[in-house]
Amino acid sequence: MSHRRGRTPPNVVEPRERRMRADGRAPIRPGPDEQDARELLRRCARDVVEVAEGIREVSARTSAVLFAPALTASARRRPRTGLAAQWALLRALTNKQGLGGSAITVPKGIGHVLGAAGEVLGRESLAALVAVTSLRLRIAAVLVDHPEFERDPGMRRLLAAVTADRDLETVRALRGLFKDQGAQRALSGLAPLMPELLAIRALVDEDPMNDETGWAPAAGRELPADPVQGTSASRLAGMDQGEGAAEAVDLTEQEKQTIAAEGSFLGFLRNIETLSADGRILVQNVRGPDGVVRYVVQAPGMAPGRPRNDCPQDFVGAWRNLVTADSPYTRSILLALADYGIPRGAELALIGYSEGGIALMNLAQDEEFCRAYRITHLVAVGSPVDNKLPADPRTWVAGITNQHDMVPVSDGRGAGSHFDPHPNRYEVDYTGPSHEFPLCHMLREYIEHLRTVVPEARKDIDEALTPYRGPVVRTQAYRLKDRAHPPEGYPFLTLPTTSVPTTAGPVDVPVRYYDSSAAHLCFPVDAEAARSLLPGVTWMMPSRLGRRALAVLSLYEHRCSTIGPYAEIALSVLVDDLWRPRPYDIAADLLRRVDLRRTGRYVLSLAVGSEEARVVAEEIWGQPAVRTSAEADLMGPGFAVRAPELGLAVEGHLGPGIRFREADRVLYGRRGESTVRTLVRAHGKLRLHTGSGVRLRLETAAAEPMAGQLRRLGIDSARPLFVLSCPQFMVHRSAGAVLPR
């Protein structure tokens with residue numbers, strides 16, 4: 001365990017230097033070669049990013065001179081020399097052999113016009129391209145310590161662009177992530193690199209005058225001069241009322257029994273754990289040993305569970321908290337404090353976990369807020385707050401991080417950081433027994449570690465919080481709302497749901513998929529072979545296209561869904577209407593709405609990457625499913641799916657395609673003596689490609705039943721006739737309707 005410390009306030013015991021593991025022994029250090037490689041990569045990254053910053057500064061100065069009134073006036077008076085000078089500066093600023101691209105640093109006017117022109121021409125600033133080199137080094141340094149990150153889909157997509165020297169794609173991918181508030185899944189894959197990305201965020205931003213680059217604290221940001229008086233109109237005059245809200249709510253009787261009645265560090269953390277399930281914070285009055293009433297604000301981290309946008313405590317909110325001090329979470333806390341009625345000049349302690357720690361640090365950075373209140377202490381657990389400084393230098397800041405926790409990522413300070421430790425800072429970076437993420441990030445793990453692994457840190461922080469160690473005289477919870485954004489998937493995925501019991505627990509149907517990719521490989525197969533694989537009933541027949549039937553191998557990469565992320569491989573055969581089959585009815589069905597279609601695809605076999613998905617497929621949709629490990633990458637034109645346990649691999653490159661109808665479909669399965677019909681509605685850009693660039697490989701010892709069915713259909717080594725692809729789409733699957741057939 002390591003500490004970084006500065007001045008210690010009078011009532012705080014100086015923390016002792018100590019390093020240990022959870023079992024009390026000395027920590028295992030990386031080997032010399034590994035440690036040297038990591039440190040060398042970090043030093044190189046720092047040097048390269050400093051070069052990028054220097055280039056950025058040169059661009060800014062060149063731009064300022066180019067558009068300076070004096071030079072413009074000189075060009076009008078002496079066009080021969082003045083215009084030549086302006087032209088030379090413009091070429092140096094925008095030419096791809098110079099500073100390059102769209103790095104125009106004038107906030108308005110012709111500068112932005114030229115910048116947009118550079119963007120259209122496919123250019124990027126030299127500073128941004130050099131910063132990408134720094135990012136490559138930073139990624140390599142992180143992978144030395146965490147090679148498992150390379151298996152993450154989000155990291156894998158970033159690495160594909162970075163390691164292939166596709167600088168333009170990398171810069172634009174990063175820029176899209178920084179801008180897109182709906183990029184929740186992609187950003188979650190990059191969580192381990194958050195501090196590293198912050199270091200180059202300003203360099204890939206088209207507008208360097210943007211005050212939300214993340215470089216500087218929020219000192220001086222416009223907020224009401226009096227956060228107490230004028231709670232309504234004057235209090236919030238400068239705020240966007242659509243960004244954040246707070247509503248006072250009552251605690252349940254069970255929660256009242258668990259909320260601490262005495263002020264203590266672990267008591268505050270247990271309060272946070274109690275309220276962390278549904279986007280609430282807690283404000284308490286505590287009467288200290290000296291009889292003075294002080295206030296404690298307790299803020300949880302990201303709300304756990306499935307995607308939600310009604311609360312600012314989600315991953316997008318965490319990202320915005322990290323890169324800008326003005327976020328919905330911080331604004332919502334400010335609104336809650338205004339409603340609570342804390343008197344001006346009162347002393348506050350801010351206790352936060354994960355995203356809550358970031359939001360509270362953002363609050364402590366605001367000079368106006370610190371003039372209204374005296375923030376005496378700020379304690380952040382599992383939060384990347386080391387690169388932020390409170391506006392009041394008297395504020396005592398404590399940070400607690402587990403070295404295996406990828407959210408703070410090695411003290412939350414990446415290579416090349418420009419921030420020095422706060423002079424009044426107490427930091428504990430320890431090695432806990434929980435190595436797996438997200439287990440090592442959970443608050444209950446931190447609470448247990450403070451009790452058993454690092455009890456000295458708990459004692460030190462309790463000593464610092466002595467003024468707040470007394471009886472609690474008032475408690476109020478606030479539910480935070482993020483009113484600025486519609487529900488995730490709106491309007492396509494905002495529909496009524498019903499809870500259906502399964503052996504894996506209740507499941508909400510329709511099952512919603514917020515971010516998925518798919519490729520449907522379509523093979524013409526022998527109609528009799530297809531018929532032999534269908535259930536042994538006389539009325540289920542494969543749809544014929546001439547003398548052939550059509551089999552579909554569907555590959556899915558579900559990155560975010562209400563039953564979790566997983567990969568899916570499905571083999572199905574198109575079948576006729578179960579009651580009145582008609583020749584070529586499949587062609588007519590393409591013109592009908594999906595709920596009116598008579599044909600569909602009977603799922604012969606299904607392989608999924610999670611147990612919950614397997615249970616849902618079998619018990620709700622009546623589809624025979626097995627659980628298997630699979631890796632899928634279906635985002636780009638070159639895609640690959642590998643399922644080693646099935647002995648199946650599909651690789652290929654899709655050429656140009658034509659736009660096709662939405663991939664709504666009907667799926668059939670069997671449950672006992674009945675047929676189950678499931679409606680699948682999709683929303684995304686579906687394209688039709690030839691199958692010449694796609695190859696399916698099946699090992700000799702491939703697992704049944706899918707391998708045997710592929711062989712009997714004759715497609716174990718065939719190329720598909722055509723492929724329907726959708727790199728990114730949303731979909732919802734209804735509950736299966738049981739048919740009397």
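Against which elements do the buried residues of α17 pack? In this predicted model, in which residues are numbered from 1 along each chain as its sequence is written, local features need pLDDT of at least 70 and side-chain atom pairs count only at pLDDT 80 or more, while totals for chains, interfaces and linings use all residues. Side-chain values use heavy atoms, with hydrogens and water left out.

The buried residues of α17 pack against α11 (265–275), β5 (374–381), β6 (396–402), β7 (425–430) and α16 (443–452), where contact means heavy atoms within 4.5 Å. Helix α17 itself spans residues 455–464, and its buried residues are P455, A457, D460, I461, D462 and A464; buried here means under 20% relative accessible area, with a 1.4 Å probe and protein chains only.

The protein chain as a whole has 21 helices and 26 strands, which are DSSP runs (helices H or I, at least four residues; strands E, at least two) numbered from the N terminus. Of its 741 residues, 55% count as buried, and the accessible surface comes to about 31400 Å², of which 54% belongs to carbon and sulfur atoms, as given by the Shrake-Rupley method with a 1.4 Å probe. Among contacts with a separation of 6 or more, 74% are accounted for by residues 24 or more positions apart.

Two packed helices are described by the angle between their axes and the distance between the axes. Axes are lines fitted to C-alpha atoms, for helices over the stretch in contact, and angles run from 0 to 180 degrees between N-to-C directions. Helix α13 (residues 328–340) packs on helix α14 (residues 355–364) at an angle of about 70°, with the axes 9 Å apart, which means that α13 is roughly perpendicular to α14, a term covering 65 to 115 degrees. In this pair Y329, T330, I333, L334 and L337 of α13 meet E355, G356, A359, L360, N362 and L363 of α14, and these residues divide into seven nonpolar, three polar and one charged (Ala, Val, Leu, Ile, Met, Phe, Trp, Tyr, Cys and Pro count as nonpolar, Asp, Glu, Lys and Arg as charged, and the others, Gly among them, as polar).

For helix α2 (residues 69–77) and helix α3 (residues 79–94), the packing angle is about 135° and the axes lie 6 Å apart. The contact joins L71, T72, S74, A75, R76 and R77 of α2 to P79, G82, L83, A85, Q86 and L89 of α3, and its residues comprise six nonpolar, four polar and two charged.

Note on methods. Buried < 20%, exposed > 50% of the residue type's maximum accessible area, 1.4 Å probe, protein only. Parallel < 35°, antiparallel > 145°, perpendicular 65-115°, else oblique.
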